[in-house]
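This briefing sets out the domain arrangement, the nonpolar cores and the ligand surroundings of one protein model. It is arranged by topic for quick reference.

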Amino acid sequence: RIVYLNGEWLAESEAKVSIFDRGFLFADAIYEVTAVIGGKLIDYPGHAARLKRSLAELRMTCPLDADSLLDVHRQIVARNNLDEGLIYMQISRGPADRDFAFPANPTPTITLFTQEKGILSSPKLETGISVITMPDLRWVRRDIKTVQLLYPSIAKTEAMHRNADDAWLVEDGFVTEASSANAHIVTTEGKLVTRSLSTAILHGITRASILDLARGAGVPAEERAFTPQEAKNAAEAFITSATSFVMPVTRIDGEPIGAGIPGPITQRLRAAYVEDRR
Ligand code: PDD
């Protein structure tokens, strides 16, 4: 792969970052993941806007202006002949002597790489995925897309050890989100329920797009928190993210949701998203 690092295009084996980088030592870094379908960026404006917000929340600056950032995204797709997959972009505060306080004049480290991934077709789309519930032990600013991903990694690994595909995280009795995706249910009345935006969840770009499409498709939507019990009693459930788009969830803590197969509204929303964006 050809990767991007601080203004240079390099073979992946040539791309090196300092061991003093604050991304490495303090997880002092933010990231974005953008899907690519047919060589095209999906929902890029949303990802660019969230990146800006994450940077501002952490008083970090972007080493590239908006046009250059888009250009680098387009170039990395072309240089790697990426048809379907994702672009990972990370900006850290950069290298500095190890000190908890932010350095005065840091030079950020920006890197991008691509990863091939089948998004349009996945065997899991046929069956849906199974999730387990786990306490949400992440820090409380989940609206900032930082690289502090240890707990989500623990949760996902635990889910796999328990023969499930992912974890739905629970705080104060309510589902926040999945380990790396937003969580949604469809009630038996056909209403889409998804947690409202706050610092408790990442403001998913796919989530926002699906809410828009639901309104257009006449699917009523309610933005509020729901409990694991309500999810168990729901007709359908799904997750959304740049790397899965809309993925049906058919089991929670071993119990089937609805008929235990991908639901019709879930499938309609997925089809509408794929049609609209590709
Ligand atoms: N994760 N919630 C969390 C905690 C996430 O990490 C993600 C995305 C989402 C969905 O956001 P979006 O629709 O903008 O991708 C929700 C990315 C894909 C990742 O970490 O790989």
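Two residues count as being in contact if their C-beta atoms, placed from the backbone, lie within 7 Å. On that basis, valine 249 touches Gly128, Ile129, Val131, Ala237, Phe238, Ile239 and Ile257, leaving out residues up to four places away in sequence. The model is predicted, and the protein is divided into domain 1 (2-116) and domain 2 (124-277).

**Domain arrangement**

- The centres of domain 1 and domain 2, taken over C-alpha atoms, are separated by 26 Å.
- Contacts between the two domains involve 19 residues of domain 1 and 13 residues of domain 2.
- On the side of domain 1 that touches domain 2, two or more residues each come from β3 (29-37), α2 (44-57) and β5 (84-92).
- Strand β3 supplies the largest share of that side, seven residues.
- By residue class, the side of domain 1 that touches domain 2 comprises nine nonpolar, six polar and four charged residues.

**Nonpolar cores**

- In soluble globular proteins, nonpolar side chains tend to be buried together.
- The largest nonpolar core in this model has 35 residues, and those with the most contacts inside it are Val131, Ala167, Trp168, Ala231 and Val249.
- Strand β14 (residues 245-252) gives the most to this core, contributing five residues.
- Another core, of 13 residues, lies apart from the largest one and includes Tyr4, Ala35, Ile42 and Leu86.

**Ligand surroundings**

- The ligand is surrounded by 14 residues, of which the closest are Leu202, Gly204, Ile205, Thr206 and Ala242.
- Two or more residues of this shell come from each of α6 (205-216) and β13 (236-241).
- Helix α6 gives the most to the shell around the ligand, with three residues.
- The shell divides into five nonpolar, seven polar and two charged residues.

**Aspartate 43**

- Aspartate 43 is located in the loop between β4 (40-41) and α2.
- Aspartate 43 has 17 other C-beta atoms within 10 Å and is therefore partly exposed, since a residue is buried at 20 or more such atoms and exposed at 12 or fewer.
- Beyond its neighbours within four places in sequence, aspartate 43 is in contact with Ile205, Thr206, Ser209 and Arg277.
- Aspartate 43 and arginine 277 are 234 residues apart along the chain, whereas their C-alpha atoms are separated by 7.7 Å.
- Ile205 and Thr206, both contacted by aspartate 43, are also among the residues closest to the ligand.

Terms used. Residues numbered from 1 in each chain as written. Predicted model: local features only at pLDDT ≥ 70, side-chain atom pairs only at ≥ 80, totals over all residues. Domains from an automatic or database assignment. Helix = DSSP H or I, 4+ residues; strand = E, 2+ residues; numbered from the N terminus. Nonpolar A, V, L, I, M, F, W, Y, C, P; charged D, E, K, R; others polar. Core = buried A, V, L, I, M, F, W, Y, C linked by C-beta atoms within 7 Å. Near = placed C-beta within 6 Å.
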